[in-house]
Amino acid sequence: MAKYNGAKCRICRREGSKLFLKGDRCYTDKCAFDRRPYAPGQAGRSRKKVSDYAVMLREKQKVRRMYGILEKQFRSYFKKADMQKGVTGENLLALLERRLDNVVFRLGYANSRQQARQMVRHGVFTLNNRQANIPSMQVKVGDEIVVVEKHRKDPVLAEAQEVIARRGCPNWLEVDAPNFKGSVKALPQREDIQFPINEQLIVELYSK
């Protein structure tokens with residue numbers, strides 16, 4: 001599978017928005033986007049006219065990169081969202097939020113979605129008492145995510161205890177930090193996603 005191995009801070013600068021790809025570092029004064037909030041490269045500071053198509057494309061790229069998925073998979077999510085009842089853009093965001101790797105991140109067991117994806121692939125969690133090592137698995141109401149016993153002393157999980165207490169988790173999730181588990185109380189709603197996203201631009205892009 002194609003994978004971006006470059007500097008993550010360049011992605012945030014290119015998209016013109018902080019995507020929190022490096023976890024807690026993004027909340028400190030070391031954040032490259034805060035120090036250089038313009039696109040990378042020699043022409044990064046130049047002002048140029050941006051077309052409507054470019055605006056829609058950048059919004060799609062921002063969301064795709066934030067959740068760390070490829071174009072083919074992102075388009076597949078859009079098709080599923082378009083087939084569901086309700087608002088397509090909100091359906092799309094809900095599908096992305098319900099990915100297992102995102103849920104692990106939202107629960108505070110990882111500093112970034114990329115780290116959460118690696119942890120899922122390494123079998124750190126179970127989903128409803130079954131092994132869960134597929135990051136794209138969709139969670140549903142009532143699902144329970146638990147850290148496997150042998151991984152509970154891992155340094156990353158120890159740090160997660162502090163992260164959970166500091167960051168908290170969305171209303172649609174519930175975390176039981178002392179027992180290393182979390183559960184899905186409800187499906188994510190648009191108001192649960194605080195990140196500045198204009199999903200309607202993505203809908204318009206794919207509708208062309």
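This is a predicted model: local features need pLDDT of at least 70, side-chain atom pairs count only at pLDDT 80 or more; totals for chains, interfaces and linings use all residues.
**Entry 1. Helix 4 and helix 5**

I began with the packing of helix 4, residues 71–83, against helix 5, residues 88–97. I read an angle of about 125 degrees and a distance of 8 Å between the axes. Angles of 65 to 115 degrees would count as roughly perpendicular and those over 145 as roughly antiparallel, so I noted the two helices as oblique to each other. The crossing of helix 4 past helix 5 is right-handed.

Which residues make the contact? From helix 4 I listed Phe74, Tyr77, Phe78, Lys80, Ala81 and Asp82. From helix 5 I listed Thr88, Asn91, Leu92, Leu95 and Leu96. Sorted by class, this contact of helix 4 with helix 5 holds 7 nonpolar residues, 2 polar and 2 charged.

**Entry 2. Phe74 and the aromatic pairs**

How many aromatic pairs does the whole structure contain? The search returned 3. In one of them, the ring centres of Phe74 and Tyr206 are 6.2 Å apart, and the planes stand at 35 degrees.

I then checked accessibility. Phe74 is buried at 0% relative accessibility, and Tyr206 is buried as well, with a relative accessible area of 14%.

Another pair is Tyr109 with Phe125. Their ring centres are 5.9 Å apart and their planes are at 50 degrees, so this pair is also tilted. Tyr109 sits in the loop between helix 6 (100–107) and helix 7, and Phe125 in strand 1, so the pair ties together parts that are 16 residues apart in sequence. I found Tyr109 buried, with a relative accessible area of 0%, and Phe125 buried at 1%.

I also looked for clusters, and found that Phe74, Phe78 and Tyr206 form one aromatic cluster. Phe74 and Phe78 were already on my list for the contact of helix 4 with helix 5.

**Entry 3. Arg117**

Next I looked up Arg117, which lies in helix 7, residues 113–121. Is Arg117 buried or exposed? Its relative accessible area is 10%, so it counts as buried. I then set aside the neighbours within four places in sequence and asked which residues Arg117 is in contact with. They are Tyr67, Gly68, Arg99, Asp101 and Pro135.

Last, I went through two backbone angles. Most residues other than glycine have a negative phi. Asn129 has a positive phi, near 70 degrees. I placed Asn129 in the loop between strand 1 (125–127) and strand 2 (130–131). With a relative accessibility of 71%, Asn129 is exposed.

Phe180 also has a positive phi, near 55 degrees. I found Phe180 in the loop between strand 4 (173–176) and strand 5 (181–184). Its relative accessible area is 14%, so Phe180 counts as buried.

Key:
Residues are numbered from 1 along each chain as its sequence is written. Side-chain values use heavy atoms; hydrogens and water are left out. Axes are lines fitted to C-alpha atoms, for helices over the stretch in contact, and angles run from 0 to 180 degrees between N-to-C directions. Helices (H or I, at least four residues) and strands (E, at least two) are DSSP runs, numbered from the N terminus. Angles under 35 degrees count as roughly parallel, over 145 as roughly antiparallel, 65 to 115 as roughly perpendicular and the rest as oblique. A crossing is left-handed if the near helix is turned anticlockwise from the far one by less than a right angle, and right-handed if clockwise. Contact means heavy atoms within 4.5 Å. Ala, Val, Leu, Ile, Met, Phe, Trp, Tyr, Cys and Pro count as nonpolar, Asp, Glu, Lys and Arg as charged, and the others, Gly among them, as polar. Buried means under 20% relative accessible area, exposed over 50%, partly exposed in between (1.4 Å probe, protein chains only). Rings of Phe, Tyr and Trp (its six-membered ring) pair if their centres lie within 6.5 Å; planes under 30 degrees apart count as stacked, over 60 as edge-to-face and the rest as tilted.
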